[in-house]
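Dear colleague,

I am handing over the structure that we spoke of, and I would be glad if you could look through it with the notes below.

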Amino acid sequence: MWSTPEAGKTSAGHGMQDLRRNHLVWLNLQAWSQVQAHAWDAEAQAILAHWQRNKLPLVVCRQRLEVAHDLLCLGLPTPRQWSRRRLALTVGRDQVVVVGNFPTLREVARAMPWWPAAQELDEKLAHLAVTSRVYGSHGWQWLTRMSYLHAESDLDITLNVAHFQTARQVTGLLAAAEAEFGPRLDGEIVFPGGQAVAWRELQRLLAGHTPQALLKDRHHIRLASLAELQELGTCAPDEAAQATHFSASAGFWCAVGSTSVDHGGLKCAPQIPKLAK
């Protein structure tokens with residue numbers, strides 16, 4: 001469950017239109033002030049203060065239909081010290097100053113004992129023009145340098161594909177590679193329109209073990225047949241045509257709207273931007 005403040009909402013705004021589930025966002029100071037002014041409990045206030053002070057990102061969630069178009073639903077999953085509590089926030093789109101992605105599989109795996117298996121899988125995915133990004137506990141621990149992992153933590157990856165045939169090939173690669181990994185491989189395949197399906201559900205669907213799979217998009221979760229999934233997109237959207245973008249691994253700065261941001265020079269963690277006032 002996501003915890004929410006007892007009352008109040010952030011002010012509305014206008015901002016980036018192409019934000020999708022699992023994008024990371026950094027907020028301006030006005031947003032943080034408004035969020036922290038809500039009636040959170042003491043623990044939640046401590047969490048929010050830590051996030052704001054350390055310039056940590058939030059994640060774009062499924063957008064609730066009742067929320068106005070100029071507002072954005074975000075999530076803040078906490079580390080083990082806060083019992084893996086999950087906070088739900090709503091902010092104005094114009095209060096987002098930086099947009100980014102979770103780290104790649106290579107970035108997360110370099111310090112792990114399963115690095116050779118990850119490197120091999122990543123090379124095979126690269127041949128399909130697919131980049132694997134790690135969210136969930138492994139992704140958040142890499143981003144925050146706080147303790148999220150436990151002995152049973154899955155490795156959650158998201159893979160954007162241009163075609164259904166690529167999705168089929170990716171599913172086969174993941175199934176074949178899983179035995180070489182320590183953690184259980186989990187996560188989802190994302191089609192060009194932003195619709196996502198868990199790779200294990202797609203595997204069962206392709207094998208004929210189930211007639212439908214759960215399909216997630218920006219606003220909805222529904223069951224979809226194999227034929228429906230096959231019709232999803234024929235080419236990936238042009239990443240360069242999207243609004244200004246910050247990559248946690250690329251280390252460059254960007255501007256969103258009229259607000260400029262810069263970044264630091266961290267070596268083993270994402271280069272965290274300095275948020276404008």
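Predicted model: local features only at pLDDT ≥ 70, side-chain atom pairs only at ≥ 80, totals over all residues.

Residues are numbered from 1 along each chain as its sequence is written, and side-chain values use heavy atoms, with hydrogens and water left out.

The structure contains eleven salt bridges, a salt bridge being a side-chain nitrogen of Lys or Arg within 4 Å of a carboxyl oxygen of Asp or Glu. One of them joins Asp122 to Arg106, with an N to O distance of 2.5 Å. Because Asp122 belongs to helix 4 (residues 115-127) and Arg106 to helix 3 (residues 105-109), this pair ties together parts that are 16 residues apart in sequence; helices here are DSSP runs of H or I with at least four residues, numbered from the N terminus. Asp122 is buried at 11% relative accessible area, whereas Arg106 is partly exposed at 23% (buried means under 20%, exposed over 50%, and partly exposed in between, with a 1.4 Å probe and protein chains only).

A salt bridge also links Glu228 with Arg222, at 3.1 Å from N to O; Glu228 is partly exposed at 31% relative accessible area, and Arg222 is partly exposed at 38%. Finally, Asp186 pairs with Arg184 in a salt bridge whose closest N and O atoms are 3.2 Å apart, and Arg184 is partly exposed, with 39% relative accessibility.

Technical notes
Helix = DSSP H or I, 4+ residues; strand = E, 2+ residues; numbered from the N terminus.
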